[in-house]
Amino acid sequence: MKKRFLSLAGYAVLFVTIAAIITVAIMVFDAVNSAYDGNKGVLSVVMLVTIAFLALVCTVIDAVRRKITVERPTERILEATQKIASGDFTARVFVAHPYSRYDEYDRIADNINKMAAELSRTEVVHNDFISNVSHELKTPLSVLQSYAAAIQREDLDAETRRHYAQVIVSASKRLSGLVTNILKLNKLENQELSPQYGKVRLDEMLAQSLLRFEEKMDEKGLIPECDLEEVTVVSDADFLEIVWDNLLSNAIKFTESGGKIGVSVRAERGQAVVKISDTGCGISAETGRHIFDKFYQGETSHAQEGNGLGLSLVKKVIDILGGEIAVESEVGKGSTFIVKLKGESA
Ligand SMILES: Nc1ncnc2c1ncn2[C@@H]1O[C@H](COP(=O)(O)OP(=O)(O)OP(=O)(O)O)[C@@H](O)[C@H]1O
Ligand SMILES: [Mg+2]
């Protein structure tokens, strides 16, 4: 409303200026007419010249007005959009007025600046993503290459050959895990995967997830501890499986043999609260700030398998399902991941 008033005021000033010029000219012409007794033909010429002069003055006023209010901001916008279109996302349009006095051009400029900033952010994320993926692909690929070459040697004894074969299997598993996680994350981010809601018994799901990791826990001598209340939520079982599997795989991976892995679920104030805990190496405050970032791996995980995509997937899924995730941890004592899901139904 204020904006409309301001532009009306601009037109009113233009109108009053032109009216004043015409009035003064008519008054001058009238004064000359009454004072002049000679040839009226000369008066007609004076009138024509006056009209031409007035038209010229109005044209100049309009040209100056157009230059300031239309052409200059349009040129600024054109110049910046050409740069952005050719890939220079650092280009910005100058915004002429303070925010409280924005006109339409300032709004367009502001929106273009926001788009350019977003494009530049996306470009950085995209480049980081490509360099991270290439880096993560390189390690298992070079392992595959050197062990596949070594296994062909004829002088190898059976035991060494078996060991090399195991290394090749584990490197290819790592590669396929990486590609699966990238594809899943990509689909979730592009909203190609949307949740299919249905009733899900969390206690049953968690028990099944634990069963899938039974062998790994046995191998490492880890002791599972369960406290599973019967809790049902309306959610997507496939999405939730990603969450439990990644949290459990981390708990097992980062816990030394003889440690404990705890899984619990209970209903609290209309929410389902799932806790997955371990007595492993724990997470420092600095690591804790980045664990949900793509490809981030803490200082304790360099000797471990993985690509740092698990928790990014978990976070994305929880966001899509409208839940919350938090972590409590103490270095050297262990970690507890707490997931809260809304819509607990009895
Ligand atoms: N239970 C845990 N105990 C200690 N550190 C953990 C735990 N869970 C996660 N972390 C830390 O958070 C980092 C990120 O975890 P995330 O699951 O995203 O990656 P990852 O397990 O290293 O690899 P991936 O999940 O791709 O196999 C880990 O590298 C580790 O440093
Ligand atoms: Mg993980």
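Colleague: In which helix is V70 found?
Modeller: The model is predicted: local features need pLDDT of at least 70, side-chain atom pairs count only at pLDDT 80 or more, and totals for chains, interfaces and linings use all residues. Residues are numbered from 1 along each chain as its sequence is written, while chains are lettered from A and ligands numbered from 1 in the order in which they are written. Helices (DSSP runs of H or I, at least four residues) and strands (E, at least two) are numbered from the N terminus. V70 lies in helix α2.

Colleague: Does V70 count as buried or exposed?
Modeller: A residue is buried if 20 or more other C-beta atoms, placed from the backbone, lie within 10 Å of its own, exposed if 12 or fewer, and partly exposed in between. V70 has 11 C-beta neighbours inside 10 Å, so V70 counts as exposed.

Colleague: How far apart are the C-alpha atoms of V70 and D103?
Modeller: Along the chain, V70 and D103 are 33 residues apart. The separation of their C-alpha atoms is 11 Å.

Colleague: Are α2 and α3 roughly parallel or roughly antiparallel?
Modeller: Helix α2 covers residues 40–85 and helix α3 residues 104–150; they pack with their axes 11 Å apart, at an angle of about 15°. Angles under 35 degrees count as roughly parallel, over 145 as roughly antiparallel, 65 to 115 as roughly perpendicular and the rest as oblique. The two helices are therefore roughly parallel.

Colleague: How many residues in the contact of α2 with α3 are charged?
Modeller: On the α2 side are P73, I77, A80, T81 and I84, which meet Y105, I108, A109, I112 and A116 of α3. Of these residues, 9 are nonpolar and 1 is polar. As for charged residues, there are none.

Colleague: Why does L309 count as buried?
Modeller: L309 sits in the loop between α8 (285–288) and α9 (310–321). Leaving aside neighbours within four places in sequence, its contacts (C-beta atoms, placed from the backbone, within 7 Å) are N181, I182, L185, K294 and F295. L309 is buried because the number of other C-beta atoms within 10 Å is 24.

Notes:
Contact = placed C-beta atoms within 7 Å. Axes fitted to C-alpha atoms, helices over the stretch in contact; angles between N-to-C directions. Nonpolar A, V, L, I, M, F, W, Y, C, P; charged D, E, K, R; others polar.
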